[in-house]
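Me: I have a structure open and a few questions about it. Can we go through them one at a time?

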Amino acid sequence: MIYADYNGSAPLCDDVREYLVKRINEGPYSNQNAIHSLGKKMMFGMEKCRRTLAKHLNCQTHQIIFNSGASEGIAQIFFSLLDERPSEKNIIITSGIEHSAVVQCCQRYQNKGYQIEYINTLDNGVIDLQHYQELIKKFSNQIALITSMAANNETGVIQPYQEIGKIAQENKVPFFCDTTQFIGKTEFNFDQSNIDYAVCSSHKIGALIGAGFIIAKDPTRLKPLILGGGQEKGLRGGTQNYIGIETMAVAMESFYNNKEKLNQVNESRLAFEQKIKEKFPEVAIMGDGAPRLATTTMIAYPGIHGQAVQIELESQNIFVTTSSACSDNKPETSRVLKAMKINDDIGRGVIRISFCLNANQELYDKIEDALTNAYNKLKKIQSY
Ligand SMILES: Cc1ncc(COP(=O)(O)O)c(C=O)c1O
């Protein structure tokens, strides 16, 4: 079996699996906020995890606020920075390639009276910095929030977040960067990122699902979304998911211990893309030529339905995804690909292959064989 949907949810990484087997058998289990000695031991363990994460991501421990994952973090950041009713600062600047967790938050605040302005996307999937600067100039002191991602979940295209953040800083506007597909997949240095708020989800990095965190440059600007017993310095109520948090620290440590593998992972992906393009010159790679995550490739054969390819690959025990939003069997080009001006012929045909540091030439060679067979078979019966 080849599982190639790590951007959707990554399986537990080997170090996490090993850690968990021991952890579950040996304990301890307790409420880390209790004042008995077991509770204190648990709290010490959790704070050690915070230190591990802060060390690798180059931030201060007090800047990390644990929660249940990126969607919660995103909702809390919007909730904290935007008022229930917009004042003279009533503009949210975002991009057309954000994840639905950000899109839906923007829509919620649009319904409350905020105006949303979208940064254009270039055809290669990178947001248009020139257009961003024009928006900043046009709306200057009306902007309440800038929200733009670090790496796209569909295409893997890496965005110029440091430049976005620098301009946001110069204009004294808070910058939230959705780093869900970036942290733990490539190197990230919060201190040098020019980002005010970043987020992470445990299950994207090979840890147990159900944990995550916000990194906030100035946590005092955050307001709790979930009220409770004062956990996370009053910023996130509810007993922390300590085992999830421990596995996040193990997964992050594992990534940083093995990060030199990223080069080989990138080369394997590029070699795979090259071989497929040589066999099928009509094939399109989304974000080809743009900086991309080493671990992600999104590929389409024009006119061949992505779901058909996905099913063919699944019959060979290879699990990939498409990006198309499908309703009533009417496949549509995704919002992200539309922002890149990808036509439907290609947009309906995409499949996404995503790994972590486990990706190697052998895995890609197997996918290449299966994809070659799928394309050769399906191009005889082009779907649309
Ligand atoms: C870019 C991005 N942001 C946010 C999320 C939301 O993450 P979660 O579902 O773990 O809360 C995802 C998940 O796919 C994502 O890819």
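Me: Where does N194 lie?
Reply: N194 lies in the loop between strand 6 and strand 7. Keep in mind that this is a predicted model.

Me: Buried or exposed, S193?
Reply: S193 has 0% relative accessibility, so it counts as buried. The cut-off for buried is under 20% relative accessible area.

Me: What does the side chain of S193 reach?
Reply: The backbone nitrogen of I195, at 3.1 Å.

Me: Is K341 buried or exposed?
Reply: Exposed, because its relative accessibility is 58% and the cut-off for exposed is over 50%.

Me: Moving on to the ligand. Which residues are around it?
Reply: The residues around the ligand are A70, S71, I74, H99, M149, N153, D178, T180, Q181, S201, H203 and K204.

Me: How does that shell split by class?
Reply: The shell has 3 nonpolar, 7 polar and 2 charged residues.

Me: Which helix gives the most to the shell?
Reply: Helix 3, residues 70-81, gives the most, with 3 residues.

Me: How far is a ligand oxygen from an N or O atom in the side chain of S71?
Reply: An oxygen atom of the ligand is 2.7 Å from an N or O atom in the S71 side chain. For the side chain of S201, an N or O atom is 2.6 Å from an oxygen atom of the ligand.

Me: And which ligand atom goes with T180?
Reply: A nitrogen atom of the ligand, 3.2 Å from an N or O atom in the side chain of T180.

Me: How much of the ligand's accessible area does the protein cover?
Reply: The protein covers 84% of the 390 Å² of accessible area that the ligand has on its own.

Me: Now strand 5. Why is it largely enclosed by the rest of the structure?
Reply: Because 5 of the 5 residues of strand 5, residues 143-147, are buried.

Me: In which sense do strand 3 and strand 5 pair?
Reply: In the parallel sense, over 4 bridges, with strand 3 covering residues 91-95. In that pairing I91 of strand 3 stands opposite I143 in strand 5.

Me: How many bridges join strand 5 to strand 6?
Reply: 2 bridges, and the two strands run parallel, with strand 6 at residues 175-177. The bridge partner of I146 in strand 6 is F175.

Me: What do strand 5, helix 6 and strand 6 make?
Reply: They make a right-handed β-α-β unit, in which helix 6 covers residues 161-170.

Me: How many bridges join strand 10 to strand 14?
Reply: 4 bridges, with strand 10 at residues 296-300 and the two running antiparallel. T296 stands opposite S354 in strand 14.

Me: Where is C49, and is it buried or exposed?
Reply: C49 is found in helix 2, residues 37-57, and its relative accessible area of 7% makes it buried.

Me: How far apart are C49 and G73?
Reply: They are 24 residues apart in sequence and 18 Å apart in space, C-alpha to C-alpha.

Me: Last pair: how far apart are A271 and Q361?
Reply: 90 residues in sequence and 8.1 Å in space, C-alpha to C-alpha. A271 has its place in helix 8, residues 261-279, and is partly exposed with a relative accessible area of 25%.

Technical notes: Residues numbered from 1 in each chain as written. Predicted model: local features only at pLDDT ≥ 70, side-chain atom pairs only at ≥ 80, totals over all residues. Heavy atoms only, no water. Buried < 20%, exposed > 50% of the residue type's maximum accessible area, 1.4 Å probe, protein only. Pairing = 2+ DSSP bridges. Right-handed = clockwise from strand over helix to strand, strands pointing away. Near = heavy atom within 4 Å. Polar contact = N/O pair within 3.5 Å; in protein donor to acceptor, adjacent residues only side chain to side chain. Areas by Shrake-Rupley, 256 points an atom, 1.4 Å probe, with all protein chains shown as cover. Nonpolar A, V, L, I, M, F, W, Y, C, P; charged D, E, K, R; others polar.
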